[in-house]
Structures are given as C-alpha cells and as structure tokens.
Protein chains: 2
Amino acid sequence: MTTTLDYLNHASADEFVALLSGIYEHSPWIPQSAEAQRPFATLAALKLALQGVVSSAAESAQLALILAHPELAGKAAIAGELTKESSEEQAQAGLSHCSPEEFNRLHQLNADYKTKFGFPFIVAVKGPDGLGYTRSAIISIFSRRIKNQRDYELAECLRQISRIAELRLNDLLGHCLQFGNRIMACSETLAAWSDEENALTCAYMTAAHQKTAAQLALWMREAGMQVTIDAVGNVVGRYLSDVANAKTLMTGSHYDTVCNGGKYDGREGILLPIAIVKHLHERGEKLPFHFEIIGFAEEEGVRFKSTFLGSNAIIGQFDLALLDKCDADGVTMREALTAAGHDVTAIPAIARNPADILGFVEVHIEQGPVLLGRDLPVGIVTSIAGSCRYLVELTGVASHAGTTPMTMRKDAGAAAAEIILYIEERCAQSPSLVGTVGQLQVPNGSVNVIPGVCKFSMDIRAADDATRDAAVADILQRIQAICQRRNIEFSLNKVIAAAAAPCASWLMQQLAAATARAGVPVLELPSGAGHDAMALAKICDVAMLFTRCGNGGISHNPLESMTADDAEVSAQILLDFLRNFKAKE
Amino acid sequence: MTTTLDYLNHASADEFVALLSGIYEHSPWIPQSAEAQRPFATLAALKLALQGVVSSAAESAQLALILAHPELAGKAAIAGELTKESSEEQAQAGLSHCSPEEFNRLHQLNADYKTKFGFPFIVAVKGPDGLGYTRSAIISIFSRRIKNQRDYELAECLRQISRIAELRLNDLLGHCLQFGNRIMACSETLAAWSDEENALTCAYMTAAHQKTAAQLALWMREAGMQVTIDAVGNVVGRYLSDVANAKTLMTGSHYDTVCNGGKYDGREGILLPIAIVKHLHERGEKLPFHFEIIGFAEEEGVRFKSTFLGSNAIIGQFDLALLDKCDADGVTMREALTAAGHDVTAIPAIARNPADILGFVEVHIEQGPVLLGRDLPVGIVTSIAGSCRYLVELTGVASHAGTTPMTMRKDAGAAAAEIILYIEERCAQSPSLVGTVGQLQVPNGSVNVIPGVCKFSMDIRAADDATRDAAVADILQRIQAICQRRNIEFSLNKVIAAAAAPCASWLMQQLAAATARAGVPVLELPSGAGHDAMALAKICDVAMLFTRCGNGGISHNPLESMTADDAEVSAQILLDFLRNFKAKE
C-alpha cells in the first residue's frame, strides 16, 4: 500500500497518525505531535517535522522511544514479537540467519550495551545507501559504538531512529530517489580503485587515479557532456547551452583522496552534478548558460605535498616549479604526468578567462559534525576558513628524570602541553575558530629523560581572517610567555597562511532559496576545511552547499558516511538552483 | 710563593686578608668576613667559608664582585689592567692569541651578555679538571650560557668565581690533588672509546664496552688487585686483606653509558676507588677486610632494554630468559656475550654469598642540581627512589582539524597535555617526588588531523614508596577523570614498579663522620636516579656518596661535569671511611 504526501496532508488527524503508526516503533505520540504542522510542502519537510518532535522531546520520552525498539537478533525477534517493519528490516540484513558465533557475539554485545547505557543498541540496518548492511558490518558498527559514551550513543540512537523513519516513510510514500542512489553507487564504484588494498587512497597520477579519471569522463559523456581531460588531469565536462554567447557556470570538486580516506570527500561534488546533467540530458532540458563540471585531479597534497594542483591550473596559478618536486619514491611530478600521457607544456593554457565565468558552486560533504548535530541534511557555506599553520620547536634541557627536582626543570614537553591547552582554550572563544595541534613529538624521548626538545604543529582557522589572526597573535604571545617562564627556547616556522575565502552573498541567496523550496530550513555555516572553491574564489564568485556527514561527522577516514537521502536532497537543491539561476546583475 | 693552612690560621687578621687578596678579584671584603671563622681544619673548610661569605652576601655585593671581574679577552686585558691571576689565567687559555674571528665573536658575546644581564660573563678558564679550556670550548660555553635567564647566570657566575677561588687557593697553598686529577684523566681515557663518533655511547658488549672493561682490569691490576672479568662482563678487582677469614666490603658502579651520555656517570664509582687502592698499594697499606671494586658491565639498559644486568648477576638475580632478547639489529644477548668470549652458563655462579659481605658503598656523581645549589662538594644518600613507570595510550577520534568545532572534539593530544600538566603539578607537592613524561608522541600525526591517538610514558619516583604510590594513585585517578570528561579511551601498561632502597643508617653515619672530618658539612639527600646499589640492597646493607654535578646538575648528556677538586674531596672521604670502617655489630 502506498499513499501520497497530498493524501497525508488532507487526511483526518487520526488517519494521519494511523498511516504513520509504523514509522516510529510503538510511538504514536510522534505523528500525533507533528500532525498540527500540516500541510508539509515536501517529504523532506515531513521528515524534518517528525524528527523535530523527537529531538525537542524530553529525554525521558526519547529514552522511551529507544526502549520501544527490539534488540538486534534478540529474543523478541526469535519469539516473532517484532513490528512488521522491524521484522522485515532484520531479515533483510540476514540477522535471522546468524551463525552460532555471530549470534553469541550479538547477544553479548546486546547485553554489554544494555548494561553500559541502559537502552538497546539501535542501528538502521538498511544503512546510509538503503541497500542494507551485512551481518559482519553490523557487528563491526556495534563493536565500535559500544565504546562511546552515553550522551553520544543516546544521540546516535535517535539519529538511527530518524534514519529508520526516513526509510520507512520512503516506502510508505513509494518515494524513489532520482539521484541519491546513483550518487551512492558511483561513489562505491570509484572507491574500489585504490593505491592500497583495504583502504581508499587515490593519490595524484597513480593507476587508480587515472582509472578514476577515465570513469568520470565516461559518465560525463554518457550524461551528454563535452569532455576533456586536461594537462594536469582535471576531468572537464561541459553541458552546453543553446543560448548565443552564453557564459559558464562552474561546479566540481576533487577526485583524489587522502591516505585511507572516505568515499564522498570531493567525489560527491563531481558525481552529484553529473547525475543532474544526465537527468537534464535525458529530458532534453537545456540551461540558459554553459554548465561545466570539473573533476579536479588533485586537492589533498598526498603525493607531492602540494595541494590544489587541479584548481590552481584552472585559475592560471599552477606553479610550474612544482613539476620538479619528487614523491616518496623519487619520481618527479613531471615524470608522473608524462608517464600518464600528459603534456606539461600545455598546463598554462588550462587557465580560464574570468570574464567567461558566471560563478563556481561546489557541493561537498561537510566533513564535520555541525549539520548532524542540527538534524539538517544540507547547509550553506558562508566562508571557507583560511588556515594558518606553524611548526614549533621547543628546546629545554634533557636532564635526568629521577634527579632533577620539579622546580629545577626545563621540560620542553610540559611547555608544549601548556601551549596545547592554551590553543584549545583560546580557539573555543569564537564559533568559527578552530585550533589543532595535530603533530606532537618528543624526538628520541626516553622514559627516564626530561624532554629536551618537543616539536609540534599548529593549525588555526576561522571563517574570517581577523578572528583567526587575533587568535594566532594571542597564541604566539602566550608561547612567548610560557617559554620565558619555563626558561625554554622556541622557534616558529610559519608554513601556511591562506586567506579565508568568503562566499558570494548573491550565490548564497539563490542556494538558500532553493533550500527553502525543498522544505529544508536554511543553516549557514563556515567551512573549516579548505576546498577547491577557495582557489576558484581568486578569479570568480563562489558558493558551497554542504551535505550532512554521518558517524559523528568523521572524514578523512573510512568511516566517512553520507546517506542516499541526503545526497538526494542536495541534488534536488542544486537542480532547482540551476533551473532558477540568475546571473549577478 | 706558597703558604700553609696552618700559617693562614695563625697569621694576623690583616696578614690573612693580604695573603688571600688575590683569591677574589678586587674584593678584600670576602677574606675579611671569613677571617673570624679561623682556624680552618681543612682546605675544604676554608674554601667553604669563603664561598659562604659570597653566597650569604646581599645581591648588590654579589653583583659588585661579579662586576670586579674583567671581560674575557676584553679591553682591560688588552690594556694590561688585569690582576696578575686573571692575566695568567686568560693567557693560559690562549685568550691572548685569539684569531680576529674569535676576538670579534668574543667581543660580540661580551657585549650581548652585558646588555642582557648587566654584568660580565665569568668562567673559570682552567675548567673542571684544572687543565684549562681551549678558546673554542670557552666560546662554546659562552654561546650556550648567554641563552640562560638572569637568575641562573647570576648564580652560575658566582659558582665560577668559587671555582676560580678554589684553583687560586690550591696554587697559593701548593695543594696537589692526590686522586682528583687521576680520576679526571682516567675518565677522559675511557670517554674516548665510544660506539658513536662525537658522542659517548658505551652499550653492553660492544667493541668500546669490551675495550673499556679491559682498561679497567688493567688499572685494577696496576693498583695491586686480583682481577677477573666475569661471565656477564663485570670487571671485579679484589684488594685482599691479610686478616684471616676477612669478609668483603664492596664498592663499584657501572661502566656502560646511555646514548650520548656523560663521562662520570657510573665510571667515577669505579675509577675513584681504584685510585684509592693504588695509593694504599703504593704505601703497602692493607685494610682489615677484603675490598672489592666492581665495574658493573651494564646498568642503563640501552642495548637490550633491560637494566641492572651486571648487579643482578652479582646478587644472583640475573634472569636467564634475557639471553634471548634481541638488540635493534636482531642480535641476541646470548650471541653478543658469546662473541665477546663469555660463557653464559657461568652466569649463575657469579652470585655472591651475602654472609661474606660487609656492605656495599657506591660513589656516584649526583646527576642532579641539589649539591650544586647548596655549594657542597658531596652529599650522603638517604634512599634510592623506586621508579614506577607506565606506558599510556589515549584513543580519541582522528577527525578533521578544520571542520570539527572545538566543542565536538575527542582530541587525544589535548587529553595528554592535560595529564602532563597534572603530573607536573602533583609531583611538585612533595620534596623528593618527581614525575616525568619523557616519551610523547602522536603517531603519524598530520598538521590537519585532530590526534586520534597519543602515546606517552610516565616515570614517577620518590624517596619512599608511600609518597610515590600516593602520587601514582592520584595521577591514575586524574587520567580516568580527564579521559571520561573528554570522551577518550585510555590503556595503561605498567612497565616497572621498583621499591625504593633505603640506605643503611650505620653506613651513612660512618660516611657522615668521614665527611665531617674532611671539613665539609653533611647534607643528606635522596637519590632520584636508580643505581647499582639498589640491586645490591637486596642482599646487603648499602650506602652512597654523591659528588656534586656541574652545569646545573645536568647528566645523561655530554655536558655532565664534575671538578677534579670535588673528585678529590670524595676520594679523601672514601679513603678516610675505609680506614675507619667498623663492621655492623
């Protein structure tokens, strides 16, 4: 039985609640509370309304909702006491066919989890792509999540319940994703090609990288685009307009990855617009401007320790001296490009003419926990934070751990510890400000020697340069004070100081309008990570649409996660944005 | 012109002051103040009385004393305005023959130092061994010390003035060191044999180590001892008594070193008693007990990560399973010993019979700054601190440095920083307590990734186990609390928990009596470092005599320093102790 959003909007309150009774396990109070918000303009709006009831409920009500759920492969399943929906979902994940070892493991995990948190473990067994986890994947997620703390798990169970409800609503309304499934599937295809086994690493101009480029080019062609792979490896597809003298609206992101990275970082921003163009092409629908999708060949800097190679070539700022840089095996970038069949003398000609460009809009997974924390599928970026990075070396005296009284020490490690805590404290003082000590080491440290040297990195970012620079100034001043008090010498090596790239308000407004039309509240947020849009911002106006990142917002990690439904919402918003796009006056 | 201590003790006050007028540069107030303390029982007592006047003077008087000293190779030297003593000393260091570059460098250092501190740089150019620094050594010391802070340099200049005064008093009284120069020279000989160029590293059973053992055996034989090198490499010399059924008083220390270590750590405790036995042997003087000096083959644990190999064999607690341990090159300890010609099956037979032993008395450089701070050449150890060591691993989440707001992080590095500062704070709460985080690392840290893992070591020590255990308990509790608050997992691996080894009061009393007879105030202090005496304490009563450590007390470092005069005082005290030794009733 399927129903429609329109039917739900006009049903009686009782019928509305009855129709949605299977969406949240044994919890009719949720549709009851959401009912008064009808009519819902979109399915996304209905989903958000139901989620909003849950997230604004008292913790006791939230706990009751969680407790209304059955254990995975638990007694209720065996006794046949599950709701129809739960029963089908558990069966689909193969949980009804556990081996004795798997069953025992799940049983133990269920017991330990319940003891630790006081509520049952909940996971949407259909997973982010709606295709379902394997039993072993579920056991692995369970084993990981049981290590979390209660607050996190309470929130995570509620998020999993939202995901379950979302999938059940899709079924109820017979809602098929136009773009989301394809974006997920294409991401899986690309993720299978890696420089390493059992990890996704796609570094510049490796075999996996070239194969990925060829696949992107193929998909672009299938979508009706004119495609070239340029001299630095950017895969460029143009969906041409019929309008005379049309200018170009650009989108895209990078297809290289970090070492052992995620499947969506960068790639979502290529695959999503390809899916949209394919749709337009199949409908024979043209746009009043050329639409260009660029799969940037390199952004992460893994192989040659130099970032933004692809986008810098597009903006005409590729530094040709980099061609002589070597990778870890002593291969120069020039050699790597030539071996891949590229003509490095053609690099300068890649540069675009800014006069031809209407703007650049990048879709990207958030890579952070903000949208997840707000229960929103998308957000609009206000600014891409500029990063200021230092390598710091502290020098004290490496003296004997046993014989040097605490008052007579010059401990470089303790000085670093004090600096790290100050960075943490100072960077908590402004919302968009972040500060990280990612590298930290006492070189050749011994258990029984007071650290004579300690080296660490600092990465400070904010949505605007003034906020960041004020923090950096305070931090440098504090380093000076801490080192003076502790009689420690320090040296600072500033390795990066990139200016923040603010997004263009006219583009943000059009993205916001499309988001609102999709029934999604508009959240603006800064991007703490660098993106290709940062380079493009040097020659044109830019904007970015962020898609929610699952698993606590983790990225640059195999656990990076995105749902097909969030990809769908993002794609619908970008499509709507394109259809309604107005060039800057 | 030489005079005698007796003459000084009985001269008129004016003559006393006049005779000592050259000892402190342009500062007759110092002998004037010390004069009333006559008679002085020993030269050491006279030196300490003069130093006491300086150290108890007001800072203004101390500054005046420092300012009364000429610059090194400065204008006064060029103009011939130095005191006779200064002039000779500067000439001896070759400062009158500086190259233009050296002169310019010294001139610049003089100017910078004076600007920074407001007083001239002072160094006893004759150095710790009385043989004098080279020009390049002086420039190197100058370059290092100019980086210190004012308080430290004020104290260091006064210490250098004390050293200058000591050397001038030796000259004035025609005082020749019986033991000190030989101990310093033998230390230099051994320091030339190293596993590494330009650093002193003497690891277990390397070529340098075996050469060192052979040299020690040779010196012991020359001193009239019966010598063997046992199956673990201990060099054992016995100075036999004529008394029937005599028992054995033992002394000794280790001849291996840490990586890039100091010349005196361990070795002083072998070379000093050899010098004494040589003296006894040359005089035909016998002792009423056998006197055994052991050069322990291994104490530091550098090569096989296992400490006290030599002393554990002596007490019959050598763990034979260690023979299968590998060094960094995959060589087992068994292979290393066999290659050096040792028979590992003979190791158990090394064990001594406790009934034969009168006690064990170890002389060792302090390796810390306490005696230096008290202006005392020697001190008597109350207890050897037991070390409690842990390896700690913190696990957070390695998420994106740019996109994870400060409030949503699980930063293993920041958690470690908080723990490090707590260890520092907690261990400052008891005088003999020390706590050190010597190893600290974020493995594979990246500038732009929040640390997901941080590993560090903890080493906590105190003179008594109760003090240490209370601190450890507090620290472990705080680790738990910090990790819980920050949502970090932690694992603790306790690698060492050695009980403190208290020294025997009857031995301490006899050492104290000998110290007092040498004219030196008795200072008791705990040993924060582990020593071979700690192992010996498991089978007999032990005591330790500490010799002052220069350069701020630094050890396990090439800057480790000891003066010939302090070695002399230590040797005279040990000799006097031996001559007056009474076995425990």
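In which helix of chain A does Asp112(A) lie? Asp112(A) lies in helix α8, which covers residues 100-117 of chain A, where a helix is a DSSP run of H or I with at least four residues, a strand is a run of E with at least two, and both are numbered from the N terminus.

This is a predicted model, in which local features need pLDDT of at least 70 and side-chain atom pairs count only at pLDDT 80 or more, while totals for chains, interfaces and linings use all residues. Residues are numbered from 1 along each chain as its sequence is written, chains are lettered from A and ligands numbered from 1 in the order in which they are written, and side-chain values use heavy atoms, with hydrogens and water left out.

**View 1. Asp112(A) in helix α8 of chain A.** Asp112(A) has a relative accessible area of 35% and is therefore partly exposed, a class that lies between buried (under 20%) and exposed (over 50%), using a 1.4 Å probe and protein chains only. Although Asp112(A) and Ile146(A) are 34 residues apart in sequence, their C-alpha atoms are 8.0 Å apart in space.

**View 2. The largest nonpolar core, with Leu536(A) and Phe577(A).** A nonpolar core is a set of buried Ala, Val, Leu, Ile, Met, Phe, Trp, Tyr and Cys residues joined through side-chain atoms within 4.5 Å. The largest such core has 108 residues, and Leu536(A) and Phe577(A) have the most contacts inside it. Helix α21 (residues 564-579) of chain A gives the largest share of this core, nine residues. Leaving aside residues up to four places away in sequence, Phe577(A) touches several residues, among them Leu249(A), Val361(A) and Leu507(A), where contact means heavy atoms within 4.5 Å.

**View 3. The interface of chain B and chain A.** Here 63 residues of chain B are in contact with 63 residues of chain A. The two chains bury about 5100 Å² between them, 60% of it on carbon and sulfur atoms, buried area being the accessible area (1.4 Å probe) that two parts lose on being put together, summed over both. In chain B, the residues that lose the most area to chain A are Met406(B), Leu440(B) and Val447(B), together 13% of what that side buries.

**View 4. A salt bridge between Glu424(A) and Arg486(B).** The closest N and O atoms of this pair are 2.7 Å apart, and a salt bridge requires a side-chain nitrogen of Lys or Arg within 4 Å of a carboxyl oxygen of Asp or Glu. The count between chain B and chain A is two salt bridges.
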